[in-house]
Amino acid sequence: MGNPFGFMEYERKEPLCVPVDERIGNYNEFHTMLSEKEQKHQGERCMNCGVPFCQSGKMIGGMISGCPLNNLIPEWNYLVSIGAWKQAYERLKLTNNFPEFTSRVCPALCEKACTCGANGDAVTVRANEYSIIEQAYREGFADPQIPKVRTGKKIAVIGSGPAGLAAADQLNKRGHSVTVYERSDRAGGLLMYGIPNMKLEKSIVSRKTDIMKAEGVVFVTNTDIGKDIQPEELLSRFDRVILACGASRPRDIDIKGRDGKGIYFAVDFLRSTTKALLDSSLAEGSYISAKDKNVIVIGGGDTGNDCVGTCVRHGAKSILQLEMMPKLPEKRTESNPWPEYPKISKTDYGQEEAAAVYGADPRVYQTTVKEFLTGENGEVSGAVLVRLQAEKDSKTGRLKMTEIENSSYTVPAELVLIAAGFLGSESYLTQAFGVETDSRSNILTDKYSHKTSRDRVYAAGDVHIGQSLVVRAIREGRDCAMEVDLDLMGYTNL
């Protein structure tokens, strides 16, 4: 703790955002980082608490509080405050393989549990993390580190999202030979095609996978395991196989008119924009376009927000974002005390941009779609919406949403994007491997284990725990790698 009074002397200062009217003209990241001097002051605000909730990663009140990776946050906050960037990078990398990703897309569970935030403004942990990793790239600290000894063991990782990459990175550093299979044309999984460029520029993903290639990890793209290559072939060539293929099966909506043209899953819409951006700089006709269309986004989560921000950049005529649940309160309630994750309303970048462009927040709460309307050519032309009211289920005590009589109304829509979450793993893959799944189609393992019901096959990430955060996927990949290493070598130092 370099300055015991730092949290009183300095106010929280966050990275500046490029103004809305400027940033919506491109797909670039739009945060402008603080000066090195100011970032050091932000590091000084860390209290180095006796009990650092920020790095706990514990379940409190049914939600994760603090960092699931158990990042050594007070340590590297102090090192930032004194400008010891190399040491800060080394402490950060002990627990986090990919701070270049988490410092951009993580919702900062650490900051929500920061002791400073109990009665004031939390430390800018995520911005400090960003400064550490970008300084590491500038100074060469993050250059490839090739393992000096190889064990002769071979591992196949199916999926190159954050869980697969973390498992591959850990096992490669241990000296095992790792091959990562990806069904898309580029490595990165969710990081490449599930998160828009303005949140995570794809050059950042490629920068890291290129380093992993230089360190010895082999990437095989355009290869769909279970279709292009069967499990038996993999198991004959590799000592162990890790399934880290995500929970990529989107939740659908079964209502009249669903088969209308112009209704897409959000993940397909986002992927089409990113791929066209990378392949052809968004050449006309190469992606699903929202230009000059009335758009409905179904779902109020992060993916729905990403759709809103993307549609703004496309030049949509209007955007309406539907949320079934009531709007959350602006501040913590007494039933949601610190250090629980705060169940409060937030306005993300997409909603902020839509409000600036169209004059109002695009979100409509306690509303859902009852029917899609289509024209003679089968194209979607509108939707019948209905308002909902919250009621407690008399048996379970849980909140349920019920339709309000005579509350339906019609809105125009030429493009509908379904961002209602994901149901779990792709069934063709789990069936090909013959692994057991639970009621939610996640791959089933014993508690605290990643071993599947099939010998020598492991599971990690969303395919194992269901749809979750990038930071949890990294933790899953790290834990799985440790278990595989122990199984192969009889001991582990991961």
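Colleague: Let us begin with accessibility: does C245 count as buried, exposed or partly exposed?

Modeller: This is a predicted model, in which local features need pLDDT of at least 70, side-chain atom pairs count only at pLDDT 80 or more, and totals for chains, interfaces and linings use all residues. Residues are numbered from 1 along each chain as its sequence is written, and side-chain values use heavy atoms, with hydrogens and water left out. As for the classes, buried means under 20% relative accessible area, exposed over 50%, and partly exposed in between, with a 1.4 Å probe and protein chains only. C245 has a relative accessibility of 25%, so C245 counts as partly exposed.

Colleague: Where is C245 placed, and what does C245 touch?

Modeller: Helices (H or I, at least four residues) and strands (E, at least two) are DSSP runs, numbered from the N terminus. C245 is in the loop between β8 (240-243) and β9 (249-250). Contact means heavy atoms within 4.5 Å. Leaving aside residues up to four places away in sequence, C245 touches I158, G159, L429 and V463.

Colleague: Which residues does T221 touch?

Modeller: With residues up to four places away in sequence not counted, T221 touches E182, S184, D185, R186 and A187. T221 is found in the loop between β7 (218-220) and α12 (231-237), and its relative accessibility of 28% makes T221 partly exposed.

Colleague: How is the span of a helix judged, and what is the reach of α8 from its first C-alpha to its last?

Modeller: The expected span is 1.5 Å times one less than the number of residues. Helix α8 (residues 125-139) has 15 residues and reaches 21 Å, close to the 21 Å expected. Just after α8, G140 takes a positive phi of about 90 degrees.

Colleague: How many residues of α8 are buried, and what covers them?

Modeller: In α8, 12 of the 15 residues are buried, so the helix is largely enclosed by the rest of the structure. Among them are N128, E129, Y130 and Q135. The cover includes α3 (36-44), α4 (73-81), α5 (85-93), α6 (99-105), α7 (109-112) and α11 (202-214).

Colleague: What span does α13 have between its end C-alpha atoms?

Modeller: The end C-alpha atoms of α13 (residues 266-280) are 21 Å apart, which agrees with the 21 Å that its 15 residues should span. Its buried residues are A266, F269, L270, S272, T273, T274 and A276. Their cover includes α10 (190-194), α11, β10 (263-265), α14 (302-314) and β18 (415-418). Just after α13, S281 takes a positive phi of about 55 degrees.

Colleague: In which sense, parallel or antiparallel, do β5 and β6 pair?

Modeller: Two strands pair if DSSP finds at least two bridges between them. Strands β5 and β6 (residues 177-181) pair in the parallel sense over 5 bridges, and V178 in β6 is the bridge partner of I155. Strand β5 (residues 154-158) is mostly covered, with 4 of its 5 residues buried.
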